[in-house]
Amino acid sequence: MKITLFGTGYVGLVTGACLAEAGHQVLCVDTDAAKIAALRQGVIPIYEPGLEALVRDNHASGHLQFTTSAQEGVDFGECLFIAVGTPPDEDGSADLTHVLAVADSIGAYITGPRIVVDKSTVPVGTADKVKMAIAAAQQRRDTNHPVDIVSNPEFLKEGSAIRDFMKPDRIVIGTDNPEIIGVMQEIYAPFNRNHDRMITMDVRSAELTKYAANAMLATKISFMNELANIADRIGADIEQVRIGIGSDPRIGYQFIYAGCGYGGSCFPKDVRALSHTAQDMGYDATLLQAIERVNTRQKQRLFELIARHFGGAANLQGRTFALWGLAFKPNTDDMREAPSRVVMEALWNAGATVRAFDPEAAEETRRIYGERADLVLTNTKEEAARGSDALIICTEWKGFMAPDFNFLAEALGEKVIFDGRNLYDPGRLASRGWVYYGIGRSTES
Ligand code: UGA
């Protein structure tokens, strides 16, 4: 089938490449000419395992094309996917400028019936706005080609986006026109073999499903972080508690890891946007607000422990800290709302220097913070440690799981670790003379 993707960001590019790989003819449209030129050369703007090869191969075979022309895009696909960004507005609501700009282009160039699929994460009610924007643009040209709007939220995780797309847990299709379901089945047939994973519902429910899924996962994390802080105070170990409760299949083991807070482009933004939608409807979403508040506080937890260990923030002046892990989670270079940023910025405010190592996110960190005397980005984790006073861990990269503690003991000024991801065994470290701070482990709390 011929499919157009508007937006070559994370979601657009992964979706486009995977649909092309499955045999569809895909055209990706982006207004950013430099990005399109780079994509034609097989250079992708983000780090995502497997994506570059998929883009290159499918571009070479002709299944995946790129253009800056919206008109070409509208002409090309019988199905037009909108996968442009919805950055948060200042008040936390989702900014629909890009989505509605695509809708306007569709209305401006449409020459026959089309199915418009909303893949961007958009507040409930956006499908109606998209429909109206397309209709208004058509009206200006005196055309009235039939357009069906489908809400098809994506559930990709950074770092495993290709696998998530190729083997989805579910494919949520929201439509108010049952005739569209067959077309969506055809598009997703390659990813929907053996047993049917397609779940169809009305448009608004599909739009809400996306927010509900992310908010539920964020709730699990904030809940565990809250419990971790309680565990610290009562002398319990959240890791034991996690194992104890996860064994109940109603709770499950996933997404119950306490840590230094959730980050990324999705949870923080989506929890805020859902709160905002509720507020717009006159409902005070108390729980959603609390999830966000707990997370904001949790991101300060590591700095709190560091300041306390050294006898107050004033004593951090002139000290140097090794920081392992900058990305908001492993296997990505994404720094959006990363807990590491809160820690680094607090350390800098206190007059400390950070020697940071991340396997992927150094370049992104440099882009965000530029060159500064109090940030040294190192090429190895060992280099970050050498000459630092203490070690801080913000991301659970595999390479941090089993470090050489003898080396660290020599490299660091003090045998002290502030671990925001609970990577090590507190008992073993204590027996080797380390001062070890975890999250909710009652270690040195
Ligand atoms: C999240 C969802 O997991 C995806 O299903 C969804 O499609 C995506 O948002 C989206 O809306 O696009 P992502 O933001 O890539 O995916 O990352 P996650 O793996 O969910 O991690 C989010 C944050 O939660 C990370 O900072 C991670 O460290 C933290 N986390 C996760 C915890 O602190 N504890 C856990 O137990 C799990």
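**The annotated positions**

Modeller: C266 lies in the loop between α10 and α11; helices (H or I, at least four residues) and strands (E, at least two) are DSSP runs, numbered from the N terminus. This is a predicted model, in which local features need pLDDT of at least 70, side-chain atom pairs count only at pLDDT 80 or more, and totals for chains, interfaces and linings use all residues. Residues are numbered from 1 along each chain as its sequence is written.

Biologist: What makes C266 count as buried?

Modeller: A residue is buried if 20 or more other C-beta atoms lie within 10 Å of its own, exposed if 12 or fewer, and partly exposed in between, with C-beta atoms placed from the backbone. C266 has 23 C-beta neighbours inside 10 Å and therefore counts as buried.

Biologist: Which feature does UniProt place at C266?

Modeller: The unreviewed UniProt entry places the feature "active site" there. UniProt positions are given in the numbering used here, feature names are shortened, and annotations may be inferred rather than shown by experiment.

Biologist: Which residues does UniProt list for "binding site"?

Modeller: The unreviewed UniProt entry lists F155, L156, K157, E158, K210, F255, I256, Y257, A258, G259, G263 and K329. They are spread over 175 residues of sequence and also in space, up to 23.9 Å between C-alpha atoms.

Biologist: Why is L156 called partly exposed?

Modeller: L156 counts as partly exposed because 19 C-beta neighbours lie inside 10 Å. L156 sits in the loop between β6 (147–151) and α7 (161–166).

Biologist: And why is G259 called buried?

Modeller: G259 is buried because 28 other C-beta atoms lie within 10 Å. G259 belongs to the loop between α10 (238–246) and α11 (267–280). Not counting residues up to four places away in sequence, G259 touches G420, R421, N422 and I439; contact requires C-beta atoms, placed from the backbone, to lie within 7 Å.

**The ligand shell**

Biologist: How many residues surround the ligand?

Modeller: There are 20, and the closest are E158, Y257, Y262, G264 and C266. A residue is near a molecule or strand if its C-beta atom, placed from the backbone, lies within 6 Å of it. Helix α9 (residues 203–234) gives the most to this shell, with three residues.

Biologist: What is the make-up of the shell by class?

Modeller: The shell has 11 nonpolar, five polar and four charged residues. Ala, Val, Leu, Ile, Met, Phe, Trp, Tyr, Cys and Pro count as nonpolar, Asp, Glu, Lys and Arg as charged, and the others, Gly among them, as polar.

**Strands and loops**

Biologist: How do you know that β7 and β8 pair?

Modeller: Two strands pair if DSSP finds at least two bridges between them. Strand β7 (residues 171–174) and strand β8 (residues 198–201) have four bridges, in the parallel sense, and G174 has M201 in β8 as its bridge partner.

Biologist: Which unit do β7, helix α8 and β8 make?

Modeller: With helix α8 (residues 180–188), they make a right-handed β-α-β unit. Right-handed means that, with the strands pointing away from the viewer, the path from the first strand over the helix to the second runs clockwise.

Biologist: What makes N194 exposed?

Modeller: N194 has 5 C-beta neighbours inside 10 Å and so counts as exposed. N194 is in the loop between α8 and β8, and has a positive phi of about 70° although it is not a glycine.

Definitions and conventions:
Contact = placed C-beta atoms within 7 Å.
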